[in-house]
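This short report looks at helix packing and nonpolar cores. Please have the sequence and the structure at hand.

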Amino acid sequence: MKLLEGKNVIITGASRGIGTGIAQVFAENGANVAFTYSSSEAPALALEKELINKGVKSKAYKSNAGSFSDSEALVAKVLEDFGGIDVLINNAGITKDNLLMRMAEDDFDTVIEINLKSVFNMTKAVQRTMLKQRKGSIINMSSVVGVKGNAGQANYAASKAGMIGFTKSIALELGSRNIRCNAIAPGFIETEMTAKLDDKVVQGWRDGIPLKRGGSTEDIANACLFFASDLSAYVTGQVLNVDGGMLT
């Protein structure tokens, strides 16, 4: 039997990168996948078709996770279309990197809204459904930067560190109703975005990682699969570093 057979999952920001990788692995494991995108409609619709071809139900929704009203409307529509929500993966995120002395206030506010407030929005929106069914798994996509910080990413690091505190608090609040909340902190993951970096920069990253390679989207998806499935039925409030040993 597939690990997520028949489960209904929402993944925010799944039209590219890590989100796409998670959606693919989840569909292969029997999950019905609802996912959001903000502007990349063509890739989103292509992914929707790909997942349906794997034999599961899937639908792409254009939605701004940073908006509370959008998040509420999204959850209501997913419930109408799928009939339930078993897993929420808060994956939507952006970067607007700069040294603090050059960082505009709007660059800080936007990153906090999309990366952190979106987690509040979506978690609050699915909470009622999960409380009624007395089960659920919420997975928040943090970052090693949220654990150790990074120069030039004060806004991003603050948003990802905030996600960790939020994760642990929600695990305490909802644990008695069999709702689990965990976070994943990816390290250097090789995606289409990192492919645009200079080869020397990428190699420098790899050289600083104990496993001497970048991670793949599948590495992150497999960690999500663990937290979403019954394999982690007694695990909540945890942060799993998927980083090749960067923080060792």
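## Terms and model

Contact here means heavy atoms within 4.5 Å. This is a predicted model: local features need pLDDT of at least 70, side-chain atom pairs count only at pLDDT 80 or more, and totals for chains, interfaces and linings use all residues. Residues are numbered from 1 along each chain as its sequence is written, and side-chain values use heavy atoms, without hydrogens or water.

## The nonpolar cores

Start at I11. Beyond its neighbours within four places in sequence, I11 is in contact with G19, I22, A23, V33, A34, F35, T36, I89 and N91.

I11 belongs to the largest nonpolar core, which has 33 residues. A nonpolar core is a set of buried (under 20% relative accessible area, 1.4 Å probe, protein chains only) Ala, Val, Leu, Ile, Met, Phe, Trp, Tyr and Cys residues joined through side-chain atoms within 4.5 Å. I11, I22, F26, F35, I89 and I184 touch the most other members. Elements that each supply at least two residues include β1 (8-11), β4 (87-90) and α8 (217-228). The largest share, 7 residues, comes from α8. A second, separate core has 22 residues, among them A34, Y61, L74 and I85.

## Two packed helices

Helices (H or I, at least four residues) are DSSP runs, numbered from the N terminus, as are strands (E, at least two). Helix α4 (residues 105-133) packs against helix α6 (residues 154-174) at about 15°, with axes 8 Å apart. Axes are lines fitted to C-alpha atoms over the stretch in contact, and angles run from 0 to 180 degrees between N-to-C directions. The two helices are therefore roughly parallel (angles under 35 degrees).

Notes:
Parallel < 35°, antiparallel > 145°, perpendicular 65-115°, else oblique. Buried < 20%, exposed > 50% of the residue type's maximum accessible area, 1.4 Å probe, protein only.
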